[in-house]
Amino acid sequence: MIKVNKIIQISFLGIIFLFGCNKENLISKRIITIRGSDTMVNLTQRWAEEYMKIRPDISIHVTGGGSGTGIASLLNGTADIANISRELKGNEIEKAIKLGIMPKQTSVAMDGIALIVNPENIIDTLSIEDLKNIFSGKITNWKDFGGADSKILLYGRENSSGTYELFKQVVLGKKEGGRSLDFTSSMQALQGTSSLGEAVSNDPNGIGFGGVGYFSLRSDLKILFIKNDNSVNAYSPLNENGVNYSIIWNGKYPLTRYLYCYTNGEPDLDVQDFLNYIVSKEGQDIVRNMEYIPLPETF
Amino acid sequence: MRDKLIRFFFFTNGMAALILVLLIFGFLLYESSAGFSKIGLDRYLSEDFVSQDGTVVTEKAWQPTSDEPKYSILPLILGTFLTAFPATIISTLLGVCTGVYISEIASSRFREVLKPIIELFAGIPTVIIGFFMLVAGATFFQEIFGYVFRLNAFIASLGISLIIIPVIASLTEDALRSVSGDIRMAAYALGANKWQAIRNVLIPAAFSGISASIILGFGRAMGETMIVLMASGSAPEFTLDVFKSVKTMTATIAAELGEVSQESPHYYALFFIGIVLFLFSFVINLTAELILSKKRRNMDY
């Protein structure tokens, strides 16, 4: 009995000792904390993983919580980098300056949305205004756009997803009659972009949206051409080779946005080195592989 | 000494379950408490918005991440009932009949085979059923019924029925088995045929057990998450139409809690949904338990 007790005691001490060692190692590392946009969490996680392979002396902690959380942690100094999927608003910058913080913006990637319909649908082109009417529930029949006389069925993503947020920002963004528009509640929320593609490919009356990279290889879906309200030509985010980066980079395709990393003033050397890595060729290759859109190539 | 130890072991295990339930409820209350002050109970029902031209619009919508967040959980409660009620009705019809068949009509050898097979059904992972309804079931029934929304409350309730039918069938069978042999023999001695004995004697005698099985099945249907997440279409619409897409309370928590930013009103609202769901299933299980314990008392005579 006594023997067993001793073994337990010793192994217990051993475990505590091992935990202690582990902590010692962590303390000697430089920790970079990144918080913010949920759209950017996976991408930032990939950058961090690859970067930590090059710089084993640095440990990068990435958490999400939304762009709002990112702004909050930038203001109270709990994060070295805030991931924000839109530009800071005027009042947010004022608030930061009052607190003695100088937000510095670094563009790190782009994000875009493609609109998909079933190949049976005869409609090829819609404008941003049309999309607004469709997704806010004002127009509910395809014949209003010259299509078949049938109800429009809307497929979208969960309200926590980044594409949901971007779509709402670009398409439904403007206020109308003193109230901000929102998606009609009959829009079906799907769990991922692939199940969304599946749903639209099974539904001749469906329309859905998702990240541009996802649909480039699918023949059972039709990608719509999207027209800016003030322009004549409509553009598709894809061409025969996949994503049509130049159309997105020159701003002709409207449903895109930049993703930013914000820091307080000039970041220290370690953080700056990480940001340099992100915008380097390796960093932007990761962006491409993760089906986001890399930054415009400047030659 | 050993006796005491064993007793202590079972006592702690028994209490652990009770304490865990209380802790979970306490945790839900604690996490959602901030939501009561930040959101307010009335906003969980509906909210009035004033447009620029002065008209007041009452919105019953679940749009927690909107620029004008709306936290009405009424569409979600409706969604839960729109999937759970049809599922319970379908499973009651099929489950009670199956239970009667196994208990009263099937030969004893066939019963030995049939009962385990039906109980095996309850063991199918719900994600498999959800996937099946999403990929195959939805299209198949769309061709029969011709409804507009491919994924809807009806499809989800069909999926749920698959897991409740075994629950109801098996509990119905148990209830019928527990009807004493004397009553059964008396019915046959009076010249009743099988149908008359089942309809006029056995089902009334086992009625409380059967109704408890239906109520428990309903509770299971309300708590079902994976099938509704995959097959109900997840549109939080305020509707009473079973052929429309709905979003249930369980699916909302499952889909949104993983991504919500902590300590936002949306986060507290999700915990509030958890409390509502907890209370619903508590009442349902309590009712079933009361019916069953009443039945047990009656049988003591």
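Author: Let us begin with a definition: a disulfide is a pair of cysteine sulfur atoms within 2.5 Å. In this model, which is predicted, that rule gives a count of zero disulfides over all chains.

Reader: Is Cys261(A) buried or exposed, and is Cys97(B) buried or exposed?

Author: Cys261(A) has a relative accessibility of 1% and counts as buried because the value lies under 20%. Cys97(B), at 52%, counts as exposed because its value is over 50%.

Reader: How much area do chain A and chain B bury between them?

Author: The size of an interface is often given as the accessible area lost when the parts come together. Here chain A and chain B bury about 2,400 Å² between them, with 44% of it on carbon and sulfur atoms. Within chain A, the residues that lose the most area to chain B are Asn159(A), Arg179(A) and Gln188(A), which together account for 25% of what that side buries. The contact takes 24 residues from chain A and 31 residues from chain B.

Reader: Which side chains meet in a salt bridge, and how many residue pairs are in polar contact across the interface?

Author: The count between the two chains is one salt bridge, in which the side chains of Lys247(B) and Glu158(A) meet at 3.0 Å, N to O. Across the interface of chain A and chain B, five residue pairs are found in polar contact. As for the side of chain A that touches chain B, its residues divide into six nonpolar, twelve polar and six charged.

Note on methods:
Residues are numbered from 1 along each chain as its sequence is written. Chains are lettered from A and ligands numbered from 1 in the order in which they are written. This is a predicted model: local features need pLDDT of at least 70, side-chain atom pairs count only at pLDDT 80 or more; totals for chains, interfaces and linings use all residues. Side-chain values use heavy atoms; hydrogens and water are left out. Contact means heavy atoms within 4.5 Å. Buried area is the accessible area (1.4 Å probe) that two parts lose on being put together, summed over both. A salt bridge is a side-chain nitrogen of Lys or Arg within 4 Å of a carboxyl oxygen of Asp or Glu. A polar contact is a pair of N or O atoms within 3.5 Å; within protein, one must be able to donate a hydrogen and the other to accept it, and residues adjacent in sequence count only if both atoms are side-chain atoms. Ala, Val, Leu, Ile, Met, Phe, Trp, Tyr, Cys and Pro count as nonpolar, Asp, Glu, Lys and Arg as charged, and the others, Gly among them, as polar. Buried means under 20% relative accessible area, exposed over 50%, partly exposed in between (1.4 Å probe, protein chains only).
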